[in-house]
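The sequence and the structure come first.

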Amino acid sequence: MQLARVIGDIVASHKDENLSSLKLLVLQPLAADGSDAGRTLVAVDAIGAGVGETVFFVRGKEASFPFFPTEVPTDAGVVGIVDHWDLG
Amino acid sequence: MQIARVVGTVVASQKHGAFEGAKLLLVQPLTLEGEPRGTALLAVDSLGAGVHEKVLIVMEGRAAGQVLGRTLAPVDAAVVGIIDTVDLVA
């Protein structure tokens with residue numbers, strides 16, 4: 001999983017039927033110090049996150065597990081909203 | 001598996017149910033020389049690893065889910081060992 005900031009959302013009226021009613025979020029991955037790290041990506045939302053929030057997301061097939069048994073065709077999914085993180 | 005250092009802890013009240021009770025650590029993957037490699041990532045921990053410790057992480061969903069003891073958990077990384085030493089044969 002990685003930290004990210006939600007920087008946008010996507011409306012796609014014509015999409016795979018197993019993506020219907022799912023919220024699509026644009027994520028900017030973050031480094032441990034909170035700075036931008038790497039390319040932005042689009043992820044399905046499994047937790048009710050919104051623009052401006054700091055979240056963590058999972059990559060891979062596991063991103064579809066929250067929607068089981070629906071086979072959601074995604075490779076990234078938001079699975080938590082971060083309250084804060086502490087560096088040692 | 002990869003070698004990483006625990007660099008922080010993450011608190012998230014609102015998260016998927018599979019994470020209930022799981023500890024979330026921020027870990028920085030390392031090269032064999034101990035240099036940071038790539039971006040820090042989140043891993044679930046059931047071993048009780050602490051900040052500054054060197055750990056072994058899996059970055060694959062099925063293995064990470066096993067650490068939580070839950071099937072169909074939306075996780076892709078987990079701490080599976082706390083490293084005492086790494087010996088390299090020159």
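## Chain B

Of the 90 residues in chain B, 37% are buried. The model is predicted. Chain B holds six strands and one helix, and from the N terminus on its elements follow the order β-β-β-β-β-α-β. The radius of gyration of chain B is 13 Å, close to the 12 Å that the globule rule gives for 90 residues, so chain B is as compact as a globular protein of that length.

The C-alpha trace of chain B spans about 45 × 25 × 20 Å along its principal axes. Where contacts in chain B link residues at least 6 apart in sequence, 51% of them join residues at least 24 apart.

## Contact between the chains

Chain A gives 31 residues to the contact, and chain B gives 26 residues. On the side of chain A that touches chain B, β1 (2-10), β4 (54-59), β5 (76-81) and β6 (84-87) each supply at least two residues. The residues on this side of chain A comprise 19 nonpolar, seven polar and five charged.

In β2(B), B:Lys15 has A:Gly80 opposite.

## The nonpolar core

The largest nonpolar core has 49 residues. Those with the most contacts inside it are A:Phe56 and A:Phe57 from chain A, with B:Val27, B:Leu42, B:Ala43, B:Ala77 and B:Ala78 from chain B.

Leaving aside residues up to four places away in sequence, B:Ala43 touches B:Leu25, B:Val27, B:Ile57, B:Ala77, B:Ala78 and B:Val79. In soluble globular proteins, nonpolar side chains tend to be buried together.

Technical notes: Residues are numbered from 1 along each chain as its sequence is written. Chains are lettered from A and ligands numbered from 1 in the order in which they are written. This is a predicted model: local features need pLDDT of at least 70, side-chain atom pairs count only at pLDDT 80 or more; totals for chains, interfaces and linings use all residues. A nonpolar core is a set of buried Ala, Val, Leu, Ile, Met, Phe, Trp, Tyr and Cys residues joined through C-beta atoms within 7 Å. A residue is buried if 20 or more other C-beta atoms lie within 10 Å of its own, exposed if 12 or fewer, and partly exposed in between; C-beta atoms are placed from the backbone. Two residues are in contact if their C-beta atoms, placed from the backbone, lie within 7 Å. Helices (H or I, at least four residues) and strands (E, at least two) are DSSP runs, numbered from the N terminus. The radius of gyration is taken over C-alpha atoms; the globule rule is 2.2 Å times the number of residues to the power 0.38. Ala, Val, Leu, Ile, Met, Phe, Trp, Tyr, Cys and Pro count as nonpolar, Asp, Glu, Lys and Arg as charged, and the others, Gly among them, as polar. Two strands pair if DSSP finds at least two bridges between them.
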